[in-house]
Amino acid sequence: MSDMGIVQDLRQSEAAGRPIVAFDFDGTLTIRDSFTEFLRWRVGPGAWALGLVKLAPAVAAYARDRDRGRIKAASVKEFLQGVDRQTLEAEAAQFAQEVWPRFMRPDALAVWNDWGRRGAHRVIVTASPTTTVAPFARKLGAEVLLGTELVFDGDDRITGAFAGPNCRAEEKVRRLKAAYGDDMTLVAAYGDTSGDTEMLAMAQEPGFRVFRQKP
């Protein structure tokens, strides 16, 4: 699942009067950052600890510039560079299946499902890579997933680069409008960090840190 190839259908659905509701993923639908947990799960404790040591310069740079996109790109290069798409997708699916029972917030899922019963188009807007969040989005029944896009080379292997900006803050708004049009109406939005501020500001019903339950 991604935002590619379904934009026209989404705009048609919006014109039919179905409300659009946006959910941040990490910390909102889940109890913690999914990408960090996926990387830790994938490489194991030893390689994870060694990788963190190698990432020390990137961590120091983040302390100065607070550029989340840059440190995320450094993490991708350290832990995923060279991995082929098929392998990553299979591992992401296995991870989602294993952690789901202890990872998803019950109160967030209740609201998610309630909007579904009310006929809303539910979109996940996340700074995490779409490839790793996609298995969660499919299980949730999300109509669309917008997130940070990884770049794959000619052999379909991860290069370590992103196809666009890190999907947070103003980029979340830009991606929503790119999918639904500049005049879109966002009926409700939910988030838990400063990276969701701009998205929440455009919603008729903003929900900031309203989900707190743990599995």
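Buried here means under 20% relative accessible area, and this is a predicted model.

Glutamate 171 makes a salt bridge to arginine 174, with 2.7 Å between the closest N and O atoms. Both sit in α8, 3 residues apart, about one turn of the helix. Glutamate 171 is buried at 9%, while arginine 174 is partly exposed at 45%. Salt bridges with shared partners also join Asp24, Lys172 and Asp196 into one network.

Next, pick arginine 175, buried at 10%. What does arginine 175 meet in a salt bridge? The side chain of glutamate 149, at 4.0 Å from N to O. That partner is in the loop between β3 (144-148) and β4 (150-152), 26 residues from arginine 175.

Now jump to arginine 42 and glutamate 91, another of the structure's 11 salt bridges; their closest N and O atoms are 2.4 Å apart. Arginine 42 belongs to helix α2 and glutamate 91 to helix α5 (residues 85-103), so the pair ties together parts 49 residues apart in sequence.

Last stop: select Phe25, Ser34, Phe35, Phe38, Phe95, Thr132, Val133 and Phe136, which line the largest cavity. Helices α2 (34-54) and α7 (130-140) each give two or more residues to that lining. The cavity's volume is about 30 Å³, and its lining splits into 6 nonpolar, 2 polar and no charged residues.

Methods. Residues numbered from 1 in each chain as written. Predicted model: local features only at pLDDT ≥ 70, side-chain atom pairs only at ≥ 80, totals over all residues. Heavy atoms only, no water. 1 Å grid on protein atoms, 1.4 Å probe; cavity = no way out; pocket = protein on both sides within 12 Å on 5 of 7 lines; lining within 4 Å. Points joined across faces, edges and corners; volume = space filled by probe spheres on them. Helix = DSSP H or I, 4+ residues; strand = E, 2+ residues; numbered from the N terminus. Nonpolar A, V, L, I, M, F, W, Y, C, P; charged D, E, K, R; others polar. Buried < 20%, exposed > 50% of the residue type's maximum accessible area, 1.4 Å probe, protein only.
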